[in-house]
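Hello,

Here is the structure for your files. My notes on it come after the model.

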Protein chains: 2
Amino acid sequence: MADGRVTIPLNKNRRATCVMGVGRGLRVKVNANLGTSPDYADVEMELAKLAAARQTGADSIMDLSTGGDIPEIRRRLMDACDLTVGTVPIYEAAAAAARTGGDIAKMTADDILASVRRHGQDGVDFVTVHCGVARRIVESEALGRRVCGIVSRGGMFLAHWMRRHGQENPLLERFDELLDMAREFDVTLSLGDGLRPGAIADAMDTCQVEELMILAELARRAVEAGVQVMIEGPGHVPLDQVEAQVRLQKDLTGGLPFYVLGPIVTDVAPGYDHITSAIGGAVAAMAGADFLCYVTPTEHLGLPRPEDVREGVIAARIAAHAADVARGRDEARAWDRRLSQARGRRDWEAQIAEAMDPVRARQLREARRPEHSDVCSMCGDYCVFKLRDGEETKQP
Amino acid sequence: MADGRVTIPLNKNRRATCVMGVGRGLRVKVNANLGTSPDYADVEMELAKLAAARQTGADSIMDLSTGGDIPEIRRRLMDACDLTVGTVPIYEAAAAAARTGGDIAKMTADDILASVRRHGQDGVDFVTVHCGVARRIVESEALGRRVCGIVSRGGMFLAHWMRRHGQENPLLERFDELLDMAREFDVTLSLGDGLRPGAIADAMDTCQVEELMILAELARRAVEAGVQVMIEGPGHVPLDQVEAQVRLQKDLTGGLPFYVLGPIVTDVAPGYDHITSAIGGAVAAMAGADFLCYVTPTEHLGLPRPEDVREGVIAARIAAHAADVARGRDEARAWDRRLSQARGRRDWEAQIAEAMDPVRARQLREARRPEHSDVCSMCGDYCVFKLRDGEETKQP
């Protein structure tokens, strides 16, 4: 932890009981994004999504609420949650400005900083701050060449604010104040990639790489100041580029924790972006990414429901675990072995109990019930394991 | 095609209208396995699964029926199918022996060869023949050390037969007869990996590699004899080993088409093996695999239903397309770009029309309907594209 390569996000004002560590040598972790939107601002629904994330094994949640009474929703979620919690404070500042002034650009630089402080006081364990969205990148021709421009909401709020006010990003200019707040509450700074590519065609362009270089420098300052820090990463990335993206982050930052959204390896599968991102996430984590932000089937289409949260968490956990297996983690390999041993013994209860999602495994087995309970309905008595056992018992 | 690196499976007795090519320089193709089992032998259900595979964009189907009137089911499926069709003839020989003699081992070597001929006569485009399951591997100590032994049904049927009769695999010993049949009907031989690993712990062991070396040699003889050939591959493989598996096949065979099942990158997610195999399949295809056999959510749990076929085909198509994007195929990149451009314009109809599964994309959008039709319910009016357009229209 001294050199920043491991982070344990935990606010001093919080009593989370399931604390997690992120970084070098640790199991790959999974985050589930929750939170309201202007169209769906029902706290009970968010609590149901929290329960779904908890049941399926998320390691942390982020409250990304932008609708309803945002501070109240955050408190309700945090009261109900024993996991590490992250937020994006600028959403609250922007939503307040939109509500009272009719435009998110009506927020002041002080409002933006104050939102971070308020989240720290409330006990949030890690906050995403898009400090690398520098004015020169926002005004660059390179940004204009993108197919999808800026797709990070926090990044876009800041870009919009900078264009309107003609000023630099307050989270970049006043980074020392952020460091002070982070120290005051033991908040981990998650340096957001406001310029992450939102289309395969935009991946690893100068906007993205220039932001990453700024974040690497800010992260160095954070580590020197004794503040825990993570770097956030893309986004939409072609599969052949995923490993290079991770290497770039790790080499530029000296191995600081990398928190990736996706990567989503193709744009063409809305409705299945839990799968497009499981592919990218597994390869990213194998290459060294430490923390995977889930993506749900409703990504690009709407706010997730509890069933989408379930699908998203499991898909991300599969990616994380596949990477742990690939990295040769003993306990990950042992889990696979236990399940396969149960499968070979045709011990269905053990196989279901060891499954990542025992509920789904049982459901599918029951949906296609076999005549003989020691096999499944795919092969029936032609089951390879039953044939093998039959040979063994018939031997003299 | 002369050197075998591209295969176009098409039986001279067949009039498939959607012919596909597999191999070097071509789009990665996707196969959907259909077919009855002893527990579910309903041809109407199989026709519904065929329709699901067709609608979701499978490039070929295999009829793996082991229950009911197998020849009749095959004919019904082939009559209804305009895609390339493959089968595993030994299933029919084994099922007939089990039905009439009470044991699959009652089939004779001639029965096994005759099943291949019958499928050729019936117009099957490619047949899986597990020629590499050599007696010395089946009797080896290495096989005994595996967690899951043999998990290929065809491989297990042959192993069981060899142990019972103390004879060599007829598909290996009489390979020249297979070549004659293949030439007679223009059937493509898909050299099956009867010794594929069925658990992460079993991947790339001596059994698997020895079989692959035998298949490489047989494939060389097939190419020399003017017979089209593919090699089938694993199975359960840890993600860090997937690329090496593909390289090994390509280097040993001089670049012959590689048809992979999965690879499934972790054993622990029954119920989600369409995702575990989409991860492995994408990486395998990026490394050079040419043809992905889908895996459905019911893998390891039961015979798939039409909805499982849908999920399986889409997951495999995502893997195949992600690999095409990674390999820099122009038309794959262009598809991603078109979808992202539609997304950036907030042109929802174009975005849904370009989606790999427009039905699912529309369903999820409608399930969480936004108040304003030009955004989605995730962000509402905080939509980054709407904010960008708002800035542009306000400029002088």
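Predicted model: local features only at pLDDT ≥ 70, side-chain atom pairs only at ≥ 80, totals over all residues.

Residues are numbered from 1 along each chain as its sequence is written, chains are lettered from A and ligands numbered from 1 in the order in which they are written, and side-chain values use heavy atoms, with hydrogens and water left out.

Barrel, chain A

Helices (H or I, at least four residues) and strands (E, at least two) are DSSP runs, numbered from the N terminus. In chain A, a closed barrel of 8 strands runs β3-β4-β5-β6-β7-β8-β9-β10, and the pairing is parallel. Two strands pair if DSSP finds at least two bridges between them. From one strand to the next the twist averages 25 degrees; axes are lines fitted to C-alpha atoms, for helices over the stretch in contact, and angles run from 0 to 180 degrees between N-to-C directions. Strand β3 (residues 29–34) of chain A pairs with strand β10 (residues 291–293) of chain A in the parallel sense over 3 bridges, and A:L292 in β10(A) is the bridge partner of A:V30. Helix α11 (residues 242–253) of chain A lies across β8 (229–233) and β9 (258–261) of chain A, at about 150 degrees to β9(A).

Strand β3, chain B

Strand β3 (residues 29–34) of chain B is largely enclosed by the rest of the structure, because 6 of its 6 residues are buried (under 20% relative accessible area; exposed is over 50%, partly exposed in between, with a 1.4 Å probe and protein chains only). In a regular strand the side chains alternate between the two faces of the sheet. Here B:K29, B:N31 and B:N33 are buried on one side of β3(B), and B:V30, B:A32 and B:L34 on the other. β3(B) pairs in the parallel sense with strand β10 (residues 291–293) of chain B over 3 bridges and with strand β4 (residues 60–63) of chain B over 4 bridges. B:V30 stands opposite B:L292 in β10(B), and B:N33 opposite B:M62 in β4(B).

Helix packing, chain A

Helix α2 (residues 70–79) of chain A packs on helix α3 (residues 89–101) of chain A at an angle of about 150 degrees, with axes 10 Å apart. That makes α2(A) roughly antiparallel to α3(A) (over 145 degrees; under 35 is roughly parallel, 65 to 115 roughly perpendicular and the rest oblique). The contact (heavy atoms within 4.5 Å) involves A:I70, A:P71 and A:R74 of α2(A) and A:Y91, A:E92 and A:A95 of α3(A).

The axes of helix α4 (residues 109–121) of chain A and helix α9 (residues 175–185) of chain A come within 9 Å and cross at roughly 10 degrees. α4(A) and α9(A) are therefore roughly parallel to each other.

Backbone exceptions

Most residues other than glycine have a negative phi, and most peptide bonds are trans. The bond joining A:G262 and A:P263 is cis, with omega about -10 degrees, and the bond from B:G262 to B:P263 is cis with omega near -10 degrees. A:D186 has a positive phi, near 55 degrees, and is partly exposed at 40% relative accessible area. A:R346 also has a phi near 55 degrees, but A:R346 is buried at 15%.

Regards
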